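Visitor: I would like to learn how to read a structure like this one, feature by feature. Could you walk me through it?

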Amino acid sequence: MIVRILCLLAFALIFNSCHGQQTAKTEKEDTTPRTFEMVAVPSMITDPGERAKYLVQHYWDKFDFTDTAYIHLPDITEQALTNYIDLMKYVTPEVATSSIKGMMHKAAADSSFFAHMAGLYEKYLYDPNSPMRDESLYIPVLESVLAAPVLDEVNKIRPAHLLELALKNRVGEPAIDFTYTLADGKTGTLYNVKADYLLLFFYNPDCHACKEITEQLSGDPLIGRMMSDKKLKILAVYPDEDLEAWRKHIPDVPAAWINSYDNTVSLKNDEIYDLKAIPTLYLLDKTKKVILKDVTFNQLMEFMQMQTN
């Protein structure tokens with residue numbers, strides 16, 4: 001009996017010792033400072049484009065997507081993501097798309113981490129107030145979300161809707177035609193407006209940002225010269241229902257512009273165009289293919305200046 005008790009005591013001491021070591025090990029792991037370890041580009045790759053390609057393709061190789069502690073460390077995770085997005089301008093769209101989908105596949109190792117990364121991508125690539133907004137990069141994110149087995153169908157409803165909107169009126173594709181109505185009741189269609197360039201300006205008469213864009217466009221010498229030379233036309237479209245407010249602000253829109261409203265409100269109700277924020281600018285060529293989609297005034301002017309140089 002005494003021997004049995006001594007054996008039990010010895011076992012208890014051994015168990016407690018091992019448990020203490022495991023606890024200490026776990027605590028040590030939990031308190032180890034976390035960092036984002038950047039991959040090293042092999043020295044044999046000397047071409048700048050190839051180095052950027054390698055970095056984008058292997059950017060997340062050393063990141064542990066199963067460590068959910070990174071969700072609460074935005075200085076590491078969020079900063080790493082914004083740096084990653086910034087690198088995309090140095091690679092082809094094909095490389096960017098492949099890399100993003102590969103990264104999201106890795107993130108799917110943990111459902112909470114996957115949802116967190118999807119949210120960060122929306123914040124930086126889709127939010128209208130983000131300076132990094134880029135629909136072409138956000139599309140592969142949405143496609144990855146819809147293909148992910150870690151999300152249920154309910155959580156895929158909104159991403160599916162966003163993808164549907166993103167795929168409309170893409171750069172390089174023909175813009176969707178629509179009918180607009182003028183103050184005198186006459187109507188016209190997008191495709192009947194003839195010009196080398198057509199600027200679509202979706203606006204709201206009571207919108208402060210819309211007023212700023214109107215002043216910038218009307219006061220810019222290059223825009224004025226292109227309009228005088230008949231190379232550019234501006235079609236301003238009010239997509240909502242309050243015609244009383246629209247008529248009240250007709251004098252605020254330059255007379256040289258085509259100032260109109262959507263009588264059927266189909267632009268808004270049928271979401272023919274992705275108007276997630278007002279104002280929204282689209283630039284079309286003479287065949288009505290989309291050149292620029294949902295851009296800022298500065299982005300518009302950068303393009304226009306390049307065309308005249």
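Guide: Happy to; we will go through pockets, salt bridges, the nonpolar core and some backbone details. Please keep in mind that this is a predicted model.

Visitor: Now the second largest pocket, please. What is its volume, and which residues lie nearest its centre?

Guide: Its volume is about 340 Å³. Of the 16 residues that line the second largest pocket, P128, R133, P279, V295 and T296 lie nearest the centre. At least two lining residues come from each of α8 (208–219), β6 (280–285) and α12. By class, the lining of this second largest pocket has 8 nonpolar, 5 polar and 3 charged residues.

Visitor: On to charge pairs. How many salt bridges does the structure hold?

Guide: There are 14 salt bridges in the structure. To read one, look at the N–O distance, then at where the partners sit in the chain. Take R133 and D294, whose closest N and O atoms are 3.5 Å apart. These two link distant parts of the chain, 161 residues apart: R133 is in the loop between α5 (111–125) and α6, and D294 is in the loop between β7 and α12.

Visitor: Is D294 buried or exposed?

Guide: D294 has 14% relative accessibility, and because buried means under 20%, D294 counts as buried.

Visitor: Which other residue forms a salt bridge with D294?

Guide: K276 does, with the closest N and O atoms 3.1 Å apart. K276 lies in the loop between α11 and β6, while D294 lies in the loop between β7 and α12, so this pair ties together parts 18 residues apart in sequence. K276 itself is partly exposed, at 27% relative accessibility. Shared partners join R133, D274, K276 and D294 into one salt-bridge network.

Visitor: What is the closest N and O distance between K268 and E241?

Guide: That salt bridge has its closest N and O atoms 3.5 Å apart. K268 is in helix α11 (residues 266–269) and E241 is in the loop between β4 (232–238) and α10 (243–248), 27 residues apart. Both ends are partly exposed: K268 has a relative accessible area of 38%, and E241 has 47% relative accessibility.

Visitor: Which residues touch the most other members in the largest nonpolar core?

Guide: That core has 47 residues, and W60, L81, Y84, M103, M104, M117 and Y121 touch the most other members. At least two core residues come from each of α2 (48–58), α3, α4, α5, α6 and α7 (157–166). The largest share, 8 residues, comes from α5.

Visitor: Finally, the backbone. Where is the cis peptide bond?

Guide: Omega is the angle to check: for the bond joining I278 and P279 it is about 5°, a cis peptide. P279 is in the loop between α11 and β6.

Visitor: And which residue other than glycine has a phi near 75°?

Guide: That is K288, found in the loop between β6 and β7. K288 is buried, with a relative accessible area of 2%. K230 also has a positive phi, of about 65°, although it is not a glycine. K230 is in the loop between α9 (221–228) and β4, and at 63% relative accessibility K230 counts as exposed.

Definitions and conventions: Residues are numbered from 1 along each chain as its sequence is written. This is a predicted model: local features need pLDDT of at least 70, side-chain atom pairs count only at pLDDT 80 or more; totals for chains, interfaces and linings use all residues. Side-chain values use heavy atoms; hydrogens and water are left out. On a 1 Å grid over the protein atoms alone, a cavity is a set of points where a 1.4 Å probe fits but cannot get out, and a pocket is an open set with protein on both sides within 12 Å along at least five of seven lines; lining residues have an atom within 4 Å of a point. Grid points are joined across faces, edges and corners, and a volume is the space filled by probe spheres set on the points. Helices (H or I, at least four residues) and strands (E, at least two) are DSSP runs, numbered from the N terminus. Ala, Val, Leu, Ile, Met, Phe, Trp, Tyr, Cys and Pro count as nonpolar, Asp, Glu, Lys and Arg as charged, and the others, Gly among them, as polar. A salt bridge is a side-chain nitrogen of Lys or Arg within 4 Å of a carboxyl oxygen of Asp or Glu. Buried means under 20% relative accessible area, exposed over 50%, partly exposed in between (1.4 Å probe, protein chains only). A nonpolar core is a set of buried Ala, Val, Leu, Ile, Met, Phe, Trp, Tyr and Cys residues joined through side-chain atoms within 4.5 Å.
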